[in-house]
Amino acid sequence: MMRLDELSSIATNWFQAFNAHDLESLLRLYHEEATHYSPKLKVRHPETKGLIKGKPALRAWWQDAFNRLPSLKYELIRLTPYEDRIFMEYIRHVNGEEDLAVGEMLEIQAGKIIHSKVFHQ
C-alpha cells in the first residue's frame, strides 16, 4: 500500500503535466500496459467502447485532445487518496465550451498508474 502523500504527489504531477500539455511527462506517470476509460473516448471512438490500453493508445488519445483543444485546462477541486488509488475531482475548461465537472480514479501499482477511469455526464 502506498503512502497517501505519494498518491497525492502522482496526482499533482498528473495535473501539472496535463495542464502544460506535456505529453511525455504525462506518459511517464503510466505503466506500459495501463488502461484508460473515458466517456469522451467512447463517443469519439465508439469501437473502443471507451477503453484503451497501453502507452501508444494513451499517446494518440491525448495528443489528439491537445491538438483539438489547445485551451484545455483542468482546475483541481479535491484529491481523495485511499490505499492504492486516488480519486480526483476537477473542472474541465475549454474556451467556447461549458465547464464540465469531472471525477477521475487513478489506480497505482509500483508507483505507476495502471488504470484510470473518468466519470462525468
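Let's start with one residue. Ser 38 counts as buried, because its relative accessibility is 5% and the cut-off for buried is under 20%. Keep in mind that this is a predicted model.

Where does Ser 38 sit? It is in the loop between β1 and α3. What does Ser 38 touch, once neighbours within four places in sequence are set aside? Gly 50, Trp 61 and Val 118. A polar atom of the Ser 38 side chain lies 3.1 Å from the backbone nitrogen of Lys 40.

Nine bridges join β3 to β4, and the two run antiparallel. Here is a pair to find on screen: Thr 80 stands opposite Phe 87 in β4. β3 and β4 form a hairpin with two residues between them. In that turn, Glu 83 has a positive phi of about 55°.

Next pair. Strand β4, residues 85-93, is joined to strand β5, residues 100-109, by eight bridges. These strands run antiparallel too. Two pairs to look for: Arg 85 stands opposite Glu 107 in β5, and Tyr 90 has Val 102 in β5 as its bridge partner. This hairpin has six residues between its strands. Gly 96 in the turn has a positive phi of about 85°.

One more step. Seven bridges join β5 to strand β6, residues 112-119, again antiparallel. The bridge partner of Glu 104 is Val 118 in β6. The hairpin of β5 and β6 has two residues between the strands.

A word on phi. Most residues other than glycine have a negative phi. So look at the exceptions. Ala 110 is not a glycine, yet its phi is positive, about 50°. Ala 110 lies in the loop between β5 and β6. Is Ala 110 buried or exposed? It counts as exposed, because its relative accessibility is 85% and the cut-off for exposed is over 50%. Lys 49 is another case: not a glycine, but with a positive phi of about 55°. Lys 49 is found in the loop between α3 and β2. At 63% relative accessibility, Lys 49 also counts as exposed.

Now the helices. Helix α4 runs over residues 55-68, which makes 14 residues. From its first C-alpha to its last it reaches 20 Å, close to the 20 Å expected at 1.5 Å a residue. Which residues of α4 are buried? Lys 55, Leu 58, Trp 61, Trp 62, Ala 65 and Phe 66. Why do we say they are on the same side of α4? Because they cover an arc of only 130° around the axis. The face turned away from that buried side carries the exposed residues Pro 56 and Asn 67.

What covers the buried residues of α4? The cover includes α1 (4-19), α2, β1 (30-37), α3 (39-44) and β2 (51-53).

Last stop: Arg 28. Arg 28 is found in helix α2, residues 23-28. Not counting residues up to four places away in sequence, Arg 28 touches Lys 55 and Lys 112. One distance to finish: Arg 28 and Ile 52 are 24 residues apart in sequence, and their C-alpha atoms are 17 Å apart in space.

Conventions
Residues are numbered from 1 along each chain as its sequence is written. This is a predicted model: local features need pLDDT of at least 70, side-chain atom pairs count only at pLDDT 80 or more; totals for chains, interfaces and linings use all residues. Side-chain values use heavy atoms; hydrogens and water are left out. Helices (H or I, at least four residues) and strands (E, at least two) are DSSP runs, numbered from the N terminus. Contact means heavy atoms within 4.5 Å. Two strands pair if DSSP finds at least two bridges between them. The expected span of a helix is 1.5 Å times one less than its number of residues. Buried means under 20% relative accessible area, exposed over 50%, partly exposed in between (1.4 Å probe, protein chains only). The arc is that of the directions from the helix axis to the C-beta atoms. A polar contact is a pair of N or O atoms within 3.5 Å; within protein, one must be able to donate a hydrogen and the other to accept it, and residues adjacent in sequence count only if both atoms are side-chain atoms.
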